[in-house]
Amino acid sequence: MRATRGLVADVIRFSCVDGPGNRFVVFLQGCDFDCLACHNPQTIPAGSRAARMWSVAELVEQVRAAAPYLSGVTVSGGEATRQAGFVRDFFAALREGEQQLTRYIDSNGDAPQTVWDSLIPVLDKAMIDLKALDRDLHIRLTGRPNDRVLDSIRQLAGAGRLYEVRLLLVPNVNDDDSSLEKTAAWLLSVDSRVRVKVIGFRRHGVRAAGRRWAEATPEQIAGWAGKLTAAGIREVEAV
Ligand code: SF4
């Protein structure tokens with residue numbers, strides 16, 4: 001087994017919200033975005049006292065112990081692709097030893113094509129966040145432009161590796177009808193069978209700058225999902 005090590009913020013042995021089925025989730029430390037709506041801002045810095053280095057072998061051992069109860073493994077963050085070499089080696093080891101488990105990445109999509117080129121051979125599917133289709137709004141929400149996010153969605157869809165696009169919607173910030181319609185049209189232009197998960201903004205864990213925003217109500221979340229469905233997206237999940 002390879003000896004690559006990665007900086008891990010946390011692991012969850014059983015999760016039903018990080019991809020399909022029951023999943024072992026690895027949260028890597030460090031993120032290149034600085035989202036105002038981030039629920040885990042402690043994972044943004046490149047280092048943290050709570051994070052520690054794990055070897056691929058250690059992680060695989062933990063997965064193996066839980067494997068009878070798992071559908072798969074998801075690597076999340078922070079931003080998973082910032083430690084792409086570690087993710088690649090971890091997934092390659094799982095592919096060799098735990099073939100029955102699916103291997104997913106939960107990513108902000110801000111990775112160059114070469115990173116996805118290296119991951120696609122060992123990756124089953126990716127879940128990509130799209131914080132805003134509008135470039136300026138994306139910069140306001142995350143501190144970074146969305147060019148690479150859009151390229152990542154195109155590349156993963158083209159390679160058959162896009163599981164879903166996740167839209168975190170904040171009332172009166174990125175939820176207007178025009179934005180929803182444009183986002184739906186763009187996603188459909190990339191993949192006519194795209195699956196979308198609508199996530200309503202919650203204040204839990206968010207820093208002061210984001211806590212001034214209103215939380216999404218169940219009615220708003222259902223309304224956004226309905227608009228995306230009306231715009232032609234066939235598979236919309238709302239949470
Ligand atoms: S991409 Fe995710 S982990 Fe990174 S700052 Fe944004 S919400 Fe937080």
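Author: Helices (H or I, at least four residues) and strands (E, at least two) are DSSP runs, numbered from the N terminus. This is a predicted model: local features need pLDDT of at least 70, side-chain atom pairs 80 or more, while totals for chains, interfaces and linings use all residues. Numbering starts from 1 along each chain, and side-chain values use heavy atoms, without hydrogens or water.

Reader: How are α1 and α2 oriented to each other?

Author: Helix α1 spans residues 56–66 and helix α2 residues 84–97. Their axes (lines fitted to C-alpha atoms over the stretch in contact) lie 10 Å apart, at an angle of about 45°. Roughly parallel means under 35 degrees, roughly antiparallel over 145, roughly perpendicular 65 to 115, and the rest oblique. The two helices are therefore oblique.

Reader: Which residues of α2 make the contact with α1?

Author: Contact means heavy atoms within 4.5 Å. From α1 come Val56, Leu59, Val60, Val63 and Arg64. Helix α2 supplies Phe86, Asp89, Phe90, Ala93, Leu94 and Gly97.

Reader: Which element gives the largest share of the lining of the largest pocket?

Author: The lining has 38 residues, with His39, Asn40, Asp106, Arg166 and Ile199 nearest the pocket centre. Strands β5 (102–107), β7 (162–169) and β8 (195–200) each give two or more residues. The largest share is five residues, and their source is β7.

Reader: Which element gives the largest share of the lining of the second largest pocket?

Author: Two elements give two or more residues to this lining: β7 and α6 (177–190). The largest share, five residues, belongs to α6.

Technical notes. Axes fitted to C-alpha atoms, helices over the stretch in contact; angles between N-to-C directions. 1 Å grid on protein atoms, 1.4 Å probe; cavity = no way out; pocket = protein on both sides within 12 Å on 5 of 7 lines; lining within 4 Å.
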